Amino acid sequence: FKKMGKTILFVSHDLTSIARYCDKVILLDHGRKLDEGTPKEMVGLYKRILAGKNPSARGVMVSDESGVVSSDSVENESSDEALWKTNYDINPNVDEYGNGEAEIIDFAVMDDLGDCSNNIVKGSTFTIKSKVRFNNDVVDPIFTYTIKNIHGTAITGTNTMFERVSVGTAKAGETYVASFEQEMNLQGGEYLLSISCTGYKEGELIVYHRLYDVINITVISDKNTVGFYDMNSVTSIEKV
């Protein structure tokens, strides 16, 4: 239909379909036109509106935490307004358990602008964060995350032990933030995020606190390949 020179007006909140099918996007807010531009620009602006950011500004907001694991003993987050996790719909069926020696008090998925968002554009950089408060002294705690598809298959994940990042002994009363920054190469679709703080005592795995399937992550893609993730192939054809 498009090849015939026809115009298709597609009205949707489905960011993946907008990114995949549209050439130009007009963004409306309560019937008022905010802006128009490429799908990438307008999807980014729409995500900022959902995050409560100023819809008139397309400026970049950058996270101020560059380390993979950093001590967080100064920041006061006693109010719900200061918590990252209030930006997400928490899975009411989350599987939560642990021995209580450490507690995940906050977590986030942040997009390439540093905004809390579980809508991540394929090919962009994003960060998973977990904030853990220690109730007892814990030697070599391990911060983890896993991403599963909606069928429960673990697709990817890592932890601070695999990445060779250690905090040594975390003292009772201390709080640490683990940050995993990476490129989103999963295919477009819906996924589930699990996070935990674990460790080993005398060779036995100990779960201090684990949140299975705590929130969903939507990957927005205008091009999918075969399988779970994209190899980002550089492809060419040559007539010989």
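**Close-up views of a predicted model**

**View 1. Helix α2 and the residue after it.** Helix α2 is followed by G52, whose phi is positive, near 80°; helices (H or I, at least four residues) and strands (E, at least two) are DSSP runs, numbered from the N terminus. This is a predicted model, in which local features need pLDDT of at least 70 and side-chain atom pairs count only at pLDDT 80 or more, while totals for chains, interfaces and linings use all residues. Residues are numbered from 1 along each chain as its sequence is written, and side-chain values use heavy atoms, with hydrogens and water left out. Spanning residues 39-50, α2 has 12 residues and reaches 16 Å from its first C-alpha to its last, close to the 16 Å expected at 1.5 Å a residue, the expected span being 1.5 Å times one less than the number of residues.

**View 2. The buried residues of α2.** P39, M42, V43, L45, Y46, K47 and R48 of α2 are buried, where buried means under 20% relative accessible area, exposed over 50% and partly exposed in between (1.4 Å probe, protein chains only). The buried residues of this helix pack against α1, β1 (25-29), β2 (32-37), β6 (119-121) and β14 (204-220), with contact meaning heavy atoms within 4.5 Å.

**View 3. F10 in the segment before α1.** F10 is found in the segment before α1 (15-21), and F10 is partly exposed, with a relative accessible area of 40%.

**View 4. The chain as the setting of these views.** The secondary structure of the chain comes to two helices and 14 strands, and buried residues make up 40% of its 240 residues.
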